[in-house]
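Subject: the structure I promised

Hi,

Have a look when you get a minute.

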Amino acid sequence: MSLATRPMTAVDPRRVARWGWLGVVHHQLRLMRLYLPTMLLTGIGSPFLYLLGLGLGLGVLVDGGSGIEGVDYIVFVAPALVMATAMQTAAQENTYGVFGGFKWSNIFTAMRLTPMSPGQMAFGFQVSTLLRVTPMLVFYCLAVMVFGLGHPLRVLLLIPIGLLLAFAVGFTVMAWVAGQKDDRGQLSFVERFVILPLTLFSGSYFPLETLPGYLQPIGWVSPLWHAAELGRVALYSAPVPGWLVAVHVAYLAVLALVMGLIAARVFRGRLDQ
C-alpha cells in the first residue's frame with residue numbers, strides 16, 4: 001500500500017508520552033539504513049586489519065615478542081581495540097547526529113511538539129547508538145575468535161562491556177554537543193582532541209603504569225581505560241584486584257547516569273527556549 005492510499009491512524013498521546021523514546025529509536029534506525037553498506041564494510045574489515053597490524057605486527061617488537069601480563073601482545077591489545085571501536089562509534093553518532101538533529105533537520109524541535117519529553121529523546125537516541133555499536137562489537141568479537149585469542153564465552157563478555165562504555169561516552173558527548181548552536185569547527189575537536197588522545201593515553205596499547213606519571217591521570221579519568229581493563233579481565237583474567245574491577249564498573253555506570261541526566265537537561269533547556 002502506497003503512502004498516498006495508506007489510511008491515517010490516530011496516535012494515542014498517552015502512549016507517546018510513555019513510549020516515545022521507541023519512536024526516536026525507530027527514526028534513527030531508518031536513517032542508519034542509508035549508510036548500512038559502509039557500516040558493514042568498515043565493521044567487517046577493520047577488526048582483522050587492526051589485529052593483524054597491531055597484534056601480530058607491532059606485537060613482535062613488544063618485549064621481544066614475550067608479551068605483556070603473561071599473554072601475547074595481541075591478546076593484551078585486543079580488548080582495548082574492541083573498546084576503542086565502541087567509544088569512537090558512540091562519539092561519532094552523538095557528535096554530528098545530535099547536532100544535525102537540532103541544526104539541520106530540526107527533528108528534535110518537531111518531536112518536542114508531541115507529548116515526548118526531552119529525556120525520552122536523549123534516551124531514545126542513545127539506545128539507537130547502542131544498536132549502531134552492537135554490530136561493530138560483534139564483528140570485532142568474531143575476529144578475536146577467528147584469531148583464537150580467547151574462549152568464545154569470554155570473548156562474548158566484551159559486548160556488554162563495550163555497550164556500557166558506549167552508553168557512558170555517548171551521553172557525555174551528547175551533553176556537550178546539544179548545547180552547541182553553531183559549528184565553527186569545534187565539533188571536529190571531539191575526534192581530534194578528545195577521542196584520539198584518550199585512545200593513545202588510556203593504556204590501550206601498553207599498560208598505563210608504563211606512561212610518565214604526569215600522563216597517567218588521563219587514563220584514570222578515561223572511560224576507555226576502565227572498559228579496556230574490564231575487557232582484559234573478561235578475556236584472559238588479567239591480574240586486576242576485585243575492588244578495582246568494581247571501581248571500573250561503577251565509574252562507567254555513574255558516568256552514564258550523570259551525563260544522561262545532564263544531557264536530558266540540556267535538551268530541555270534548548271528546546272523550551
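Let me start with D182, which is partly exposed because its relative accessible area is 32% (buried means under 20%, exposed over 50% and partly exposed in between, with a 1.4 Å probe and protein chains only). Before I go on: this is a predicted model, where local features need pLDDT of at least 70 and side-chain atom pairs count only at pLDDT 80 or more, while totals for chains, interfaces and linings use all residues. Residues are numbered from 1 along each chain as its sequence is written, and side-chain values use heavy atoms, with hydrogens and water left out.

**Salt bridges**

D182 pairs with K103 in a salt bridge, 2.8 Å from N to O (the term means a side-chain nitrogen of Lys or Arg within 4 Å of a carboxyl oxygen of Asp or Glu). This pair ties together distant parts of the chain, 79 residues apart: K103 sits in helix α3 and D182 in the loop between α7 and α8. Helices here are DSSP runs of H or I with at least four residues, numbered from the N terminus. K103 is also partly exposed, since its relative accessibility is 38%.

The whole structure has five salt bridges. Another one joins R132 and E93, with the closest N and O atoms 3.2 Å apart. Here too distant parts of the chain are linked, with R132 in helix α5 (residues 118–146) and E93 in helix α3, 39 residues apart. Both of these residues are buried.

E229 and R232 make a bridge as well, at 3.0 Å between the closest N and O atoms. They are about one helical turn apart because they lie three residues from each other in helix α10 (residues 223–236). R232 counts as buried because its relative accessibility is 1%, and E229 is buried at 11%.

**The loop with Q186**

Back in the loop between α7 (158–177) and α8 (187–200), you'll find Q186. Q186 is buried, as its relative accessible area is 17%. Its side chain makes a 3.2 Å polar contact with that of Q180 (a pair of N or O atoms within 3.5 Å; within protein, one must be able to donate a hydrogen and the other to accept it, and residues adjacent in sequence count only if both atoms are side-chain atoms). The Q186 side chain also reaches the backbone nitrogen of R184, at 2.6 Å.

L165 touches several residues, including M83, P223 and L252, leaving aside residues up to four places away in sequence; contact means heavy atoms within 4.5 Å.

Most residues other than glycine have a negative phi. E69, however, has a positive phi near 55°, and E69 lies in the loop between α2 and α3 (73–103). N106 also has a positive phi, near 55°, and is located in the loop between α3 and α4 (107–112). N106 is partly exposed, given its 40% relative accessibility.

Cheers

Notes
Helices (H or I, at least four residues) and strands (E, at least two) are DSSP runs, numbered from the N terminus.
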